[in-house]
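Student: I am new to this structure. Could you walk me through how its parts get their labels?
Tutor: Gladly; let us look at it together.

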Amino acid sequence: MDIQAYKNNCPADFSDQSKVWIYQSNRLFSISEAFEIDHILQDFIATWKSHGAPVKGFANLFFGQFIVLMADESATTVGGCSTDSSVHVIKKIEQLCKVDLFNRQNLALVIKDKIELLPLTQFNYALENQFIQLDTPYFNNTVATKGSWMKEWIIPVQESWLASRIKKTV
């Protein structure tokens with residue numbers, strides 16, 4: 001699994017300051033769900049507006065499990081109502097596919113070339129029992145801009161905010 005390949009599908013003509021929102025599913029989407037999600041996302045991007053002005057937007061499903069929305073604010077600033085409309089689209093997908101896209105307590109890690117979810121409450125247990133290591137790739141869904149998404153989305157556990165959660169016995 002080439003975990004850095006997602007960068008090839010990032011729009012080059014968007015500012016590094018473009019806003020990014022990442023929604024992680026609690027499971028892998030099926031192929032038919034992925035096609036439907038793509039249709040919903042592309043329809044949304046084509047009509048996304050902020051205060052009546054079109055938003056230069058991007059949306060895609062990555063690794064069959066992560067929905068990434070991006071808004072290049074160099075032309076149109078994305079505000080309350082336009083952000084709310086994006087959340088409504090994500091909730092629509094959540095209901096349609098019967099998944100959880102808002103649970104920030106599920107950590108996504110690459111284990112044996114596969115994306116695995118780990119509840120935050122099990123993080124230290126997984127480290128202590130060597131299910132994961134300090135260098136295990138972690139999907140840092142807290143990134144907020146295109147620039148940080150390109151550099152800091154998939155990083156070793158020890159370089160993420162999770163480092164502060166590691167028990168000293170590890």
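**Reading the helix and the sheet**

Tutor: Before we start, keep in mind that this is a predicted model. On one side of α2, C81, H88 and Q95 are exposed.

Student: What makes C81, H88 and Q95 count as exposed?

Tutor: The label needs over 50% relative accessible area. C81, H88 and Q95 are listed as exposed, so they lie above that cut-off.

Student: Which residues of α2 are buried?

Tutor: They are S82, S86, V89, I90, I93, E94 and C97. Buried means under 20% relative accessible area, so each of these residues falls below that value.

Student: How do you know that the buried residues line one face of α2?

Tutor: Look down the helix axis: the buried residues of α2 fall within an arc of 140°, and therefore they line one face.

Student: What covers the buried residues of α2?

Tutor: The cover includes β1 (19–24), α1 (31–47), β2 (49–50) and β5 (66–72).

Student: Now the strands. Why are β4 and β5 called a pair?

Tutor: Pairing requires at least two bridges between two strands. Strand β4 (residues 56–62) and β5 have seven, in the antiparallel sense, so they meet the requirement. As one example, L61 has I67 of β5 as its bridge partner. The two strands form a hairpin with three residues between them, and F63 in the turn has a positive phi of about 55°.

Student: What makes β1 a partner of β5?

Tutor: The same test applies: six bridges join β1 to β5, against a requirement of at least two, so they pair. These strands run antiparallel, and I22 stands opposite V68 in β5.

Student: What is the strand order in the open sheet?

Tutor: The order is β1-β5-β4, with antiparallel pairing.

Student: Why are β1 and β4 said to stand at the edges?

Tutor: Each has a single partner strand, so one side of each is left without a neighbour in the sheet. On average, neighbouring strands of this sheet are turned by 15° against each other, direction ignored.

Student: Where does α1 lie?

Tutor: Helix α1 lies across β4 and β5, running at about 170° to β4. Helix α2 also packs on the sheet, touching β1 and β5, and its direction makes about 165° with that of β5.

Definitions and conventions: Residues are numbered from 1 along each chain as its sequence is written. This is a predicted model: local features need pLDDT of at least 70, side-chain atom pairs count only at pLDDT 80 or more; totals for chains, interfaces and linings use all residues. Side-chain values use heavy atoms; hydrogens and water are left out. Buried means under 20% relative accessible area, exposed over 50%, partly exposed in between (1.4 Å probe, protein chains only). Helices (H or I, at least four residues) and strands (E, at least two) are DSSP runs, numbered from the N terminus. The arc is that of the directions from the helix axis to the C-beta atoms. Contact means heavy atoms within 4.5 Å. Axes are lines fitted to C-alpha atoms, for helices over the stretch in contact, and angles run from 0 to 180 degrees between N-to-C directions.
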